[in-house]
Amino acid sequence: MPTAEEPAGEPTAAGIGDASATLLARAREGDAQALDLLYSRYLSPLRRWARGRLPAWARDITDTDDLVQETLLHSLGRVEIFEPRYQGAFLAYLRRGILNRLRDEIRGARRRPAVEGTASAAADHRPSPLEEAIGHELLASYEAALARLRPEERESIVARVELGLSYSQVAEALGKPTPDAARIATSRALLRLAQEMARG
């Protein structure tokens, strides 16, 4: 669901990349093909981002991949009410929808009685790509520092580190003119993140 961070106005390259802005504009006008292309573009990176974020004890019949797929479809189904404010806002909107769904699943699992021998026993216990990169003990420090960055800095780090996008894809997602501009912006954001983590 859009938040106050996402203002009124037509999607522009300042809000997301040119190709994504065009697809988003078409999708908001009811173009089913544009919705399909947006779905295809973001499904795999969002699955990578979400992997390992739902604790095994919170999983039921639905696994994380299914949850991402359903939530992405839901978010894209409501794309007509999304209006970007900053670079990377569309990707942030999609991630926020999935994060909200993950939180709902965790809250629901806490209210359910534990049942042995269910699908949750065979759930995916692999760490997320982010956990593999920095380790469990640094994850809380990372997330706190990330929250203190400017939205554009935060989204460039998430796009590159958590979603594993190439610099060309980061440039597209954040509306940067070139992959090199995306690389420079991400490097600066990572330096700021390191400073925030050291301070925290």
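Helix axes here are lines fitted to C-alpha atoms over the stretch in contact, and the angles between them run from 0 to 180 degrees between N-to-C directions. With that in hand, helix α7 (residues 151–162) and helix α8 (residues 167–174) pack at an angle of about 145°, their axes 10 Å apart. The model is a predicted one, in which local features need pLDDT of at least 70 and side-chain atom pairs count only at pLDDT 80 or more, while totals for chains, interfaces and linings use all residues. Residues are numbered from 1 along each chain as its sequence is written, and side-chain values use heavy atoms, with hydrogens and water left out.

As for the overall make-up, the protein has 9 helices and 0 strands, where helices (H or I, at least four residues) and strands (E, at least two) are DSSP runs numbered from the N terminus. Read along the sequence, that gives the pattern α-α-α-α-α-α-α-α-α. Of the 200 residues, 42% are buried, meaning under 20% relative accessible area with a 1.4 Å probe and protein chains only; exposed is over 50%, and partly exposed lies in between. Take the contacts (heavy atoms within 4.5 Å) between residues at least 6 apart in sequence: 70% of them join residues at least 24 apart.

Back to the α7 and α8 pair. The crossing of α7 past α8 is right-handed; that label applies if the near helix is turned clockwise from the far one by less than a right angle, and left-handed if anticlockwise. On the α7 side E155, S156, A159 and R160 make the contact, and they meet Y167, V170 and L174 in α8. By class, this contact has 4 nonpolar, 1 polar and 2 charged residues, with Ala, Val, Leu, Ile, Met, Phe, Trp, Tyr, Cys and Pro taken as nonpolar, Asp, Glu, Lys and Arg as charged, and the others, Gly among them, as polar. R160 also lies over the face of Y167, at 4.0 Å from the ring centre; the criterion is NZ of Lys or CZ of Arg within 6 Å of the ring centre and within 35 degrees of the ring normal. Buried residues in α7 include E153, R154, E155, S156 and I157. After α7 comes G164, with a positive phi near 70°.

Aromatic residues come next. The structure holds 4 aromatic pairs, a pair being rings of Phe, Tyr and Trp (its six-membered ring) with centres within 6.5 Å; planes under 30 degrees apart count as stacked, over 60 as edge-to-face and the rest as tilted. F82 and F90 form a tilted pair, 5.4 Å centre to centre with 55° between the planes. F82 counts as buried because its relative accessibility is 0%, and F90 is buried, also at 0%. Together, Y42, F82, F90 and Y93 make up one aromatic cluster.

Two further residues show contacts across the sequence. I98, found in helix α4 (residues 89–111), has 0% relative accessibility and so counts as buried. Not counting residues up to four places away in sequence, I98 touches L46, W49, A50, L67, V68 and T71. I98 and V68 are 30 residues apart in sequence, yet 6.2 Å apart in space, C-alpha to C-alpha. A27 sits in helix α1 (residues 18–28) and is buried at 6% relative accessibility. Leaving aside neighbours within four places, A27 is in contact with A34, L35, L38 and V79.
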